[in-house]
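User: I would like a close look at one part of this predicted model, with the criteria behind each term stated as you go.

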Amino acid sequence: MLNMTIEVVEGLQKGKEITLDSTQSMIIGRSKSAHLQIGIDDRLISRTHCILEIRHGKCVVTDLNSRNGTFVNETKINSQVLNNMDEIRVGSTRMRVIIEQKEGKILICSACGGQLPEDETGVHAREVEHEDVLCTRCWKIRLDATVRVECSDFFAAMGLKGKTYTCGKCQADVSNSADFDGLACEFPDSTYVCPECVKAMRKDTQTYDLDEYYLVLKEIGRGGMGVVYKAIHKDTGRICALKKIHPSAMDDPKNIKIFEREMMVQSRVVHPNLVRIMDKGIVSRTYYFVMEFIQGGSVPSLMNTMRGRVLPPWNACAIAVNVLNGLSALHCGGFIHRDIKPSNILLTPPKGDGLGLAKICDYGLAKSFVKSGNSFLDITKTQGGFAGSVMYMSPEIIKNFKYAKPTVDLYSTGVTLYFMLTGKYTVNISEEFFKNMGKGMSPMQRHPLDIVMEDAPIPILNRRLDIPESLAAIVDKSVSKDIANGFQDAEEFKAAIEAVMESEGWK
């Protein structure tokens, strides 16, 4: 385990020390929201000047597009791995880096008695203190023995056992093959393809086999973590979404173990508003996992079909209620998403009432990245620059990513609702800004971290006048940057929206 101590050796904060450990990050700058506020009157220092992080077992400093640059040992840098006793200079402030390697806490698997370092368990603190601590192998044994029974009973109670399934192309009965793995009842919205139609698809489109279990059809999306493909599970004919993780994200065997355990644990959270994880595996040192395929697309794709690229208030509220239902289940299970945004909300096809279900995806990934030694910057990076997701992050999560609380998800849901209703962020910043990040943009441009942490949200009625004042009040409350003034749990937020929907006749 690494500890990094930052000692200010020159400047107004001379003598001050701050220590980071594990996966913490620290923003340095003139902003009062920075972890280390330095040079308040030093105009050579930007408000959010640079960030220090511990990730992948290394200490890293990254310049945040500051006006006058960040220097390591008097050399100007963009991003650099630090060594013990390196010196960082920003403006007239000089800091010394002291790096210490400390032994991690040794834990004992309560099932097999084997030892495992704390950073390989991926367990919550409450599990260490109050529950069994299990190695990856023993977790898998326990889950295999219990989860299938729990899920089977759950879906039997919903009346989904014994359902008839037909091919999505030729309508042939595929009930026997669809339930080959005993999971058909767990994915009521899935589409299936019969063997004959699969053969036809192989002939008509470019496909390839992944493992012996999946036929990959085409790419349907990509992001900072990996590439998503539309695929078919060969044994069942079930259409699914398969995500291959970039090898660079899993370059350490420890990270793979942690990631696998997080996937196993979070697959236990079964809820209609959460995209289910079906499977995972490794092929040629490339990690992949499989999710249910949601046919209705994402919230941004729905917005693109609407006039003005904004959603009707009733539609936006219905989606928000679904998201909050899913978050309530996650939070009750002890998990925090950390990356709620429109592109992480998928939609099933509309039904008779014109509405489908909204489902949260990637709900295990942010937490798994933290466990594997990453920070919030890793979640928001896409091809080397910040993606729009940083605009959905609360100041709370930027300041303390590792120890974020459920309120960070509620804030992100509020910003998402704001965006669905207006097509804009809560503060003034354009999409073009993100496209130009890392491409020689002017250092006079404020960094998005600075904007998110300090700028007050623009009241939603200033963006859109045709929404009820009661709804506007809820949205404005949800995007408050003061945690105490926002919603404190998902059920409270949901109840407020449902009250407006009922009064407006949207139910």
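Over the face of which residue does lysine 477 lie, and at what distance from the ring centre?

Analyst: Lysine 477 lies over the face of phenylalanine 487, 4.5 Å from the ring centre, where a charge is taken to sit over a ring if NZ of Lys or CZ of Arg is within 6 Å of the ring centre and within 35 degrees of the ring normal. The model is a predicted one, in which local features need pLDDT of at least 70 and side-chain atom pairs count only at pLDDT 80 or more, while totals for chains, interfaces and linings use all residues. Residues are numbered from 1 along each chain as its sequence is written, and side-chain values use heavy atoms, with hydrogens and water left out.

Lys477 also belongs to the contact between helix α14 and helix α15, helices being DSSP runs of H or I with at least four residues, numbered from the N terminus. The axes of α14 (residues 469–478) and α15 (residues 490–503) come within 9 Å and cross at roughly 165°, the axes being lines fitted to C-alpha atoms over the stretch in contact, with angles from 0 to 180 degrees between N-to-C directions. Because of that angle, α14 is roughly antiparallel to α15 (over 145 degrees). The crossing of α14 and α15 is left-handed, that is, the near helix is turned anticlockwise from the far one by less than a right angle.

On the α14 side, the contact (heavy atoms within 4.5 Å) is made by Ser470, Leu471, Ile474, Lys477 and Ser478, and these meet Glu492, Phe493, Ala496, Ile497 and Val500 of α15. Elsewhere, the charged end of arginine 89 sits over the ring of phenylalanine 71, at 4.4 Å from its centre.

Definitions and conventions
Helices (H or I, at least four residues) and strands (E, at least two) are DSSP runs, numbered from the N terminus. Angles under 35 degrees count as roughly parallel, over 145 as roughly antiparallel, 65 to 115 as roughly perpendicular and the rest as oblique.
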